[in-house]
Amino acid sequence: MYIDTHAHLNYPEKYGDLPQLLAKIAAAGVDTVINVGWDPASSALAAEQAERLAAAPALYFAAGFHPSNLQDYQTGDEERLASLLQSPKGVAVGEIGLDYHYEDTDEAAQKRAFCAQLELAEALSLPVIIHSRDAAADTLRILKDNRAKLRAGGVMHCFSGSPETAKEYLKLGLYISFAGPVTFKNARRLDEVAKIVPPERILAETDSPYLAPEPFRGTLNTPKNVVQVYEKLAQLRGEELFALAARIKQNAKTLFYKIR
Ligand code: NI
């Protein structure tokens, strides 16, 4: 019934025996998970897991360089991502974007990698999964400047900005995805965003292993907790839970068109 559009199950130190965890995820009603890479190794593992563990939930993957994981990035590395994404399970380029949270941030390098991967997405006709932290102005500017490369669309993952910023991304045709933080108390600004995103542009995710939703905040997050995100979104939007779940599944299949 539910889809988790963004999780990192490709994290053996956190998740150990994946088949056991997957059984729990499926039992919670989560039938589809997009397993997202942050560098070539994690992307390759996500691809391998999607091939090997193709039961319930159905696993798909995204491949990309996260802006905080560019230490090994070299021009030409996009080809490694491209070959992974030939797989029928490879649904997006991601996660990519900008993250200025840490003091030693190399903003120029992040922008270069972001733009190169937008180009890759265009070449592969795949959507992008965008991470943006403490970098809304530059993220927005780069996306506006590269609008032509967004032909296959994209999503602002784990959105945490203002309603005004959300509206700018919506104007670019992007989806807005909500994760655990929308369930946190005092998330008033995010509550407002959850109310204004049009039904055809909303997505939900966990960003596991990070950011477990209430009432599990502070514990190891897993895709089964995406149910709490759906429940909070349904409550905020005054929608029926199952109708919202069906709508989000449809949105995910529209954006990530390789999902069956
Ligand atoms: Ni992530």
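This is a predicted model: local features need pLDDT of at least 70, side-chain atom pairs count only at pLDDT 80 or more; totals for chains, interfaces and linings use all residues.
Q: Which strands does β2 pair with, and in what sense?
A: Strand β1 (residues 2-7) pairs with β2 in the parallel sense, over four bridges. Strand β3 (residues 58-63) also pairs with β2 in the parallel sense, over five bridges.

Q: How many residues of β2 are buried?
A: In a regular strand, side chains alternate between the two faces of the sheet. In β2 (residues 30-36), six of the seven residues are buried.

Q: Which residues does the UniProt "binding site" annotation cover, and where do they lie?
A: The annotation, from an unreviewed entry, covers His-131 and His-157. They span 27 residues in sequence, but no two of their C-alpha atoms are more than 5.8 Å apart, so they gather at one spot. The lining of the largest pocket includes both His-131 and His-157. His-131 lies in strand β5 (residues 128-133), whereas His-157 is in the loop between β6 (154-156) and α7 (163-171).

Q: Is His-131 buried or exposed, and what does its side chain contact?
A: Buried means under 20% relative accessible area. His-131 has 13%, so it counts as buried. Its side chain makes a polar contact of 3.2 Å with the side chain of Glu-95. Beyond four places in sequence, the contacts of His-131 include His-66, Asp-99 and His-157.

Q: Is His-157 buried or exposed?
A: His-157 is buried, at 5% relative accessibility. A polar contact of 3.3 Å joins the side chains of His-157 and His-6. Among the other residues that His-157 touches are Glu-95, Glu-205 and Asp-207.

Conventions
Residues are numbered from 1 along each chain as its sequence is written. Side-chain values use heavy atoms; hydrogens and water are left out. Buried means under 20% relative accessible area, exposed over 50%, partly exposed in between (1.4 Å probe, protein chains only). Helices (H or I, at least four residues) and strands (E, at least two) are DSSP runs, numbered from the N terminus. Two strands pair if DSSP finds at least two bridges between them. UniProt positions are given in the numbering used here, feature names are shortened, and annotations may be inferred rather than shown by experiment. On a 1 Å grid over the protein atoms alone, a cavity is a set of points where a 1.4 Å probe fits but cannot get out, and a pocket is an open set with protein on both sides within 12 Å along at least five of seven lines; lining residues have an atom within 4 Å of a point. Contact means heavy atoms within 4.5 Å. A polar contact is a pair of N or O atoms within 3.5 Å; within protein, one must be able to donate a hydrogen and the other to accept it, and residues adjacent in sequence count only if both atoms are side-chain atoms.
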